[in-house]
Amino acid sequence: HPSFAAMGIERLEACTERGFIEKFVRHIEERVEAHLKKHVSEHFVLGLSCAEAPQYRKRMAEVFSSLGESESIKWDRLCIFLTDERYGTEAEDATNGHLVRSTLLATLQRRGIAFPEEQLCCPNTKLQPIEQCGADFQQRLLQFFKSRGVDGPHLVALTLESDRSIAGVFPDWYRERPDRWSEAISKSLKVLSTESSNFDFANHVSINLGVIRRSRHIVVNVNESSDTAWRDVVAKFEAEELPKPRSSPPGTPRRRQGSAPPERANSMKEVRKPPSVPGSPALGPDAVGHVHSYKPLARVASPPPLTINIVPADTPLDYIMKYKHITAVQLSVDEEHHYSFVIIGAAGDLAKKKTFPSLFMLHVCQHLPESTRIIACDDVGFHPDVQNTDDFWEKRIKQYLEQEKGWKPRDLRDFRGRLEFVPIRLSEPGTLRTVDKKIRASASGRPSDNRICYLALPPSLFATAVERFEQECMPTTGFGRVIVEKPFGRNYYEATELAKKLAKHLDESQIFRIDHYLAKTLVLNILTLRFANREFGTLFHQYHVANVRITFQESFGVEGRAGYFNNYGIIRDIMQNHLMQVLTLIAMEAPASLEAEDVRDEKVKVLKQMRPIQPENCVIGQYAGYQDDPQIRKINEETGYESRCPTFAVCVMYVDNERWSGVPFIMKAGKNLKTTQTLVRIQFKKL
């Protein structure tokens, strides 16, 4: 915002929950690190405030937990106090003190870091009445500051609430009571007993704004509900209703003690002429810079005492910003875009094992926009046990989501709230119109309706699904895109024909072809391993490498997906796509950049240099028991002969270029083996 610099505001803006938490925590870390590094024998005093609304308390809980994970803070030299506390609640877990203890301190305890109770100062809400609680907290807080050799905090982290209050100082508490406002802005430390009818917990024990003014750094969390209040503050400053803060912005060099400020130094260059007074000598032009003696003036009657009317500020933040520069941490509120993720084939094996766990972890890590909705679609003719969202959740995906790591029970509940199952039949025209109606209702009021359609289907259904989506579910505003999973047809001719069919309904920019295997940690690290280590540039060469082995093993068979697998086999299902991607990453030259197109170009060069595969260099097989699978038995009855689908294959390939000429690439893949692993082994020649 153009006015932020003039207002003395450092603004940290984030577009995701995770980004907000990281920026908030990093800002606190940097201030703590800088102070403790400069003042090696001092403590750092941190004031924390929690939000009132449940969703924002959850966000601050994540901030405190992440702060507790900090490796750079010297925790034995950090002292924390609460700027405000809820009073009158019987539920201990509803207090701000419990929030800090159950997040930040619990994280430190889990890490084995001691944080003595003496380093935390909170109001004792068990004391009654509230005035006694406040008096006790005020006395302990004074001692808390005194014992650490400070008269106030080094940093306070506040939350701007929807009623424009900060740190429990509520505008409706002081607006009609100037005496309360006087206490709130007193320069001496005072603990206030405040109240407001705008929140579930009316009574608060709060420090006054004078203590906040003493803080060297002030960081304010501007959440979605307080965004309007924040804009009002900015608008007031633009209208020159708020003066510029008196303190210097961060980075301004301090003047030496005893020296005059710049404006006074300039005025001292020339002594102003005193006004003409009867009985005093006239001052000529040469009087500038000289003092002339003159008779003392007769005593003038002193003016009557002034009556000072203290006018309360509209908001506590208005008052603070008159004197202090602040840092505002803000999560951008996207009121324009709505996102829908439509998964066709959602009840299948790929979606439940790969797609939904991936979406769930994006949700857990708070990388999904708040407006994202997930629409799961599938043909109930193929999945008669799944008729509604509850069936889909319990019978298909819940058990796979629970296998992921790092989630909490509320994450499952929130993810379930994003999800809806819609039964469809791709063979029937108009089947996706129901999906379109649900998305339009969800996106109502937002000018941009963005949709991504993920095809977790066999390639034979790609063209039909894309045609239905383009005709019945394509958005009129925003973007519409389609993600196509591997395999992309059975062979070159089918792939070419499929590409032509997709081009009838979509632009190339709307099609994203994906191989989910590229997201594995092993695969992601190959480029870094190869090109960030200069030595490998010469070691990865025919002069040194005897062979390269790429091995894929799974300890389970084709349970649940035998019908699909029998049409493709291990070569088309694993080797032609997953393992070929790994091979090209191992064999490719350094790309011009890490942009997708440059990496792709180098991969294609490897594929063009590969020697045609000879049958004598291949071995295929099938694990014992494959024919006993119920789905395979049914297929055998329909065809009249036993399936010859390979579940195991070994293939030797060669790349005919200067680097890899004569080096065999041995690719092996199989199901129902002893272990589950993917292994890339580079065998060097003996010296």
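Contact is taken here to mean heavy atoms within 4.5 Å. The structure is a predicted model, in which local features need pLDDT of at least 70 and side-chain atom pairs count only at pLDDT 80 or more, while totals for chains, interfaces and linings use all residues. Residues are numbered from 1 along each chain as its sequence is written, and side-chain values use heavy atoms, with hydrogens and water left out.

The chain has 687 residues, 46% of them buried (under 20% relative accessible area, with a 1.4 Å probe and protein chains only). Its secondary structure comprises 23 helices and 21 strands, assigned as DSSP runs (H or I of at least four residues for helices, E of at least two for strands) and numbered from the N terminus.

Beyond its neighbours within four places in sequence, Phe81 is in contact with residues including Val45, Leu48, Cys121, Leu141, Phe145 and Ile207.

Among residue pairs in contact with a separation of 6 or more, 76% of the contacts join residues 24 or more positions apart.

Methods:
Buried means under 20% relative accessible area, exposed over 50%, partly exposed in between (1.4 Å probe, protein chains only).
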